[in-house]
Amino acid sequence: MAHLIISSKDIRTLDGLYSLNDLHKAAGSESRHLPAQFLRNQQTKELIAEIENYANSHSLAVNTNQGRSGGTWVCKELVYAYAMWISPKFNLQVIRAFDQAQPEQPQEPIQQGLSATIQDDEKLKLINDIAQSLGITESIVVVPAADIMNMVETIRKYQIAVDQLQTNPLRIDETIERVKNTTGRHFGEG
């Protein structure tokens, strides 16, 4: 659940719902923007009905509590609706607060031209094996970009060859020679 701060006001949460009272304070505490006024609005009532019909029977769109942690608590969709009801400026503040509260998801790199995707741990093992066969034992190595590109191309060709080996075992020696010739190196040998 996103932790929201709007206009330097912390928006509390309770059971997956956001405090409409805290949002009211963040919007300036005008009496015309009281949570009760918003909840009496016909369009709000219809939205609540839609949310509750769409959600599973255990989810609440609105929960009103009395006492120490009392107040009106609403789902994310009603937070957006309340913000729109207040003003376009406040609506934008709420949208940006939610955007900032969501952790960014790293984008997956797109791999093209590979016959089969190699898992990250497999890539590391392959790179470590190549480094060891080249006599590289240091943890930090500076390698020219052209050499890296040659290694990547060799690995791609190796993958294709391995795929072909799985369908034609007679090509093992031919494939090993092709890898040796392509790299100009003899992995695993002296």
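**Figure 1. Confidence along the chain of the predicted model.** Helix H4 (residues 76-86) has the highest confidence in the chain, at a mean of 95, whereas helix H6 (residues 120-133) has the lowest, at 69. The score is pLDDT, the predictor's confidence in each residue, from 0 to 100, and helices (H or I, at least four residues) and strands (E, at least two) are DSSP runs numbered from the N terminus. Over the chain, pLDDT has a mean of 78, with 71% of residues at 70 or more. Residues 110-118 stay under 50, and the model has 14 contacts for them beyond four places in sequence; contact means heavy atoms within 4.5 Å. Because this is a predicted model, local features need pLDDT of at least 70 and side-chain atom pairs count only at pLDDT 80 or more, while totals for chains, interfaces and linings use all residues. Residues are numbered from 1 along each chain as its sequence is written, and side-chain values use heavy atoms, with hydrogens and water left out.

**Figure 2. The open, antiparallel sheet.** Four strands are arranged in the order S3-S4-S6-S5 with antiparallel pairing, where two strands pair if DSSP finds at least two bridges between them. Strands S3 (13-14) and S5 (62-65) form the edges, each pairing on one side only. Strand S4 (residues 17-19) is joined to strand S6 (residues 71-74) by two bridges. Ser 19 has Trp 73 of S6 as its bridge partner.

**Figure 3. Packing of helix H3 against H4.** The axes of H3 (residues 42-54) and H4 come within 11 Å and cross at roughly 165°; axes are lines fitted to C-alpha atoms, for helices over the stretch in contact, and angles run from 0 to 180 degrees between N-to-C directions. H3 and H4 are therefore roughly antiparallel, a term for angles over 145 degrees. Thr 44, Leu 47, Ile 48 and Ile 51 of H3 make the contact with Glu 77, Leu 78 and Ala 81 of H4.

**Figure 4. Packing of helix H4 against H5.** The axes of H4 and H5 (residues 88-101) lie 7 Å apart at an angle of about 150°, and the two helices are therefore roughly antiparallel. From H4, Lys 76, Val 79, Tyr 80, Tyr 82, Ala 83, Met 84 and Ile 86 meet Phe 90, Asn 91, Val 94, Ile 95 and Phe 98 of H5.

How values were computed
Angles under 35 degrees count as roughly parallel, over 145 as roughly antiparallel, 65 to 115 as roughly perpendicular and the rest as oblique.
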